[in-house]
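Hi,

Here is the structure I promised to pass on. Have a look at it first, and my notes come after.

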Amino acid sequence: MDKSEVIQRICQCGVVAVVRAENEQMAMKIAGACVEAGIAGIEVTYTVPGATDVIKALSETYSNGEIIIGAGTVLDPETARTAILAGASFVVSPCLNTGVVEMCNRYQIACMPGAMTIKEVVECMQAGADIIKVFPGELFGPAFIKAIKGPIPYAKLMPTGGVSLENVDAWIKAGCVAVGVGGNLTAGAKKGDYQSISDIGRKFVEKVKEARRK
């Protein structure tokens, strides 16, 4: 899938599922639930055992683009390249590593490094980031997004951490192009309750739509 299409679809939907599954089987079931919910992308973090294999399996399963598969917690360009070879269509990092951004840009893969200050946001943009992950989101809240968007209105921001059904609308109204949602979406997987992921996922997608309409 073309890089511009990846970014467009993530921004249009506004929700990316952050998956820290215990194994490949759990990750596959979470992905299926996310597809059912209409979520645009799923970020498989490199804290997941055998993350590369999980990314490869998901990329092959959803090769028609039902959901966009990405890699998360990517700390170095070597891991980024491994994820890209496995089929990742976007790469997310908790902080800026210019080597990761360069690797992604070399192969035209969407890159989303993390930032937690305005200075870091600017540095991510200068390095060539496509979307900037505001992390950890729970330490700042939506007000931080408004603060950034004041001097840098063109920054594409996506918070991860602390995003819930109760506050997702506030994040979107503050100016985020999307949100990354982890435990508040996928918690049911630990109990084998994948239907709850679909149900909660639909609510996230709908709340993003509602926030944009207001």
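Below is what turned up, starting with the sheet and ending with a pocket.

First, the ground rules. This is a predicted model, so please read it that way: local features need pLDDT of at least 70, side-chain atom pairs count only at pLDDT 80 or more, and totals for chains, interfaces and linings use all residues. Residues are numbered from 1 along each chain as its sequence is written, and side-chain values use heavy atoms, with hydrogens and water left out.

The sheet is open and has six strands in the order β5-β4-β3-β2-β1-β9, paired in parallel. Strands (E, at least two residues) and helices (H or I, at least four) are DSSP runs numbered from the N terminus, and two strands pair if DSSP finds at least two bridges between them. At the edges stand β5 (110-112) and β9 (179-181); each has a single partner strand, so one side of each is left without a neighbour in the sheet. For β9, that pairing is with β1, parallel and over three bridges, and Val15 has Val179 in β9 as its bridge partner.

Now for β3 (residues 68-72). Five of its five residues are buried, so the strand is largely enclosed by the rest of the structure. Buried here means under 20% relative accessible area, with a 1.4 Å probe and protein chains only. Ile68, Gly70 and Gly72 point one way from β3, while Ile69 and Ala71 point the other way.

Five bridges tie β3 to the parallel strand β2 (residues 41-45), and two tie β3 to β4 (residues 90-92), also parallel. Ala71 takes part in both pairings: Ala71 is the bridge partner of Val44 and stands opposite Val91 in β4. The chain gets from β3 to β4 through helix α4 (residues 77-86), in a right-handed β-α-β crossover. Right-handed means that, with the strands pointing away from the viewer, the path from the first strand over the helix to the second runs clockwise. β2, helix α3 (residues 51-61) and β3 form a right-handed β-α-β unit too.

Last, the largest pocket, with a volume of about 160 Å³. Of the 13 residues lining it, Arg20, Ala21, Gly183, Thr186 and Lys190 are the closest to its centre. A pocket is an open set of points on a 1 Å grid over the protein atoms alone, where a 1.4 Å probe fits, with protein on both sides within 12 Å along at least five of seven lines; lining residues have an atom within 4 Å of a point. The volume is the space filled by probe spheres set on the points, which are joined across faces, edges and corners. β1 (15-19), α2 (24-37) and α9 (183-186) each supply at least two lining residues.

Cheers

How values were computed: Buried means under 20% relative accessible area, exposed over 50%, partly exposed in between (1.4 Å probe, protein chains only).
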